Structures are given as structure tokens and as C-alpha cells.
Amino acid sequence: MSKPISWYAERYVSKFGWHLVPIEPRRKYPTADDWGNNLLSEPESARAFYDDRTDWNMGLALGPSGMCSLDIDCEESLAVIMAEFGIPMSEL
């Protein structure tokens, strides 16, 4: 049985220190102009938010979470990047 989204929200914040961006249902990105001011960064508030909004999505605020994103759409490009970092493609 899968866990509810609120469990994941709480876990992401508590275990990884991530800052979550609430995203409305059926959307892939936040629509509010001030979304960067409404991040979920406390485990209890993240759980509570998604307990009440089980159909909402979540995004990751990269900067505040200390993360970056790399979107690679081509296997050849991925192979070049993996080689640069010394990671064998077979480890994927």
C-alpha cells in the first residue's frame, strides 16, 4: 500500500531539509506570483498542508533546498556527462 502525499512531504522536509512548493492539482508549476514566499519548510506544516490537500502536487525550491537540477534529454549527452564525472552508464 502506498503512503499518502503528506507522509512524503513531511519526510522530504525532515530528512533532507528540502523546501517544498505547493502546486495546484493538475498543474506542473506554481501559478501564484509569490510562490517563493510560501514554501513549506517545517515537517509539521508540510504534513498538515498535504493532509488537507491530497490532490495537490509538490515541487522542490532548488535554491533554498541547496539543490540543483539537470535535465538531460539525450542519451549521448548523458553518456558525456557521466564520463566527465567518472560514473559508468551501467550504474544507472
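1. A salt bridge is taken here as a side-chain nitrogen of Lys or Arg lying within 4 Å of a carboxyl oxygen of Asp or Glu. In this predicted model, arginine 27 and glutamate 24 form such a pair, with 3.3 Å between the closest N and O atoms. Both partners are partly exposed, arginine 27 having a relative accessible area of 37% and glutamate 24 one of 32%.

2. The structure holds two salt bridges, and glutamate 10 takes part in one of them, its side chain meeting that of arginine 47 at 2.7 Å, N to O. Because glutamate 10 belongs to helix α1 (residues 5–16) and arginine 47 to helix α2 (residues 43–51), the pair ties together parts that are 37 residues apart in sequence. As for accessibility, glutamate 10 is partly exposed, with a relative accessible area of 23%, and arginine 47 is likewise partly exposed, at 24%.

3. Is serine 65 buried or exposed? With a relative accessible area of 10%, serine 65 is buried, since the cut-off for that term is under 20%.

4. The surroundings of serine 65 can be described in some detail. Leaving aside residues up to four places away in sequence, serine 65 touches Gly17, Trp18, His19 and Leu60. Its side chain also reaches the backbone oxygen of alanine 61, at 2.8 Å. Serine 41, which is 24 residues from serine 65 in sequence, lies 9.1 Å from serine 65 in space, C-alpha to C-alpha.

Conventions: Residues are numbered from 1 along each chain as its sequence is written. This is a predicted model: local features need pLDDT of at least 70, side-chain atom pairs count only at pLDDT 80 or more; totals for chains, interfaces and linings use all residues. Side-chain values use heavy atoms; hydrogens and water are left out. Helices (H or I, at least four residues) and strands (E, at least two) are DSSP runs, numbered from the N terminus. Buried means under 20% relative accessible area, exposed over 50%, partly exposed in between (1.4 Å probe, protein chains only). Contact means heavy atoms within 4.5 Å. A polar contact is a pair of N or O atoms within 3.5 Å; within protein, one must be able to donate a hydrogen and the other to accept it, and residues adjacent in sequence count only if both atoms are side-chain atoms.
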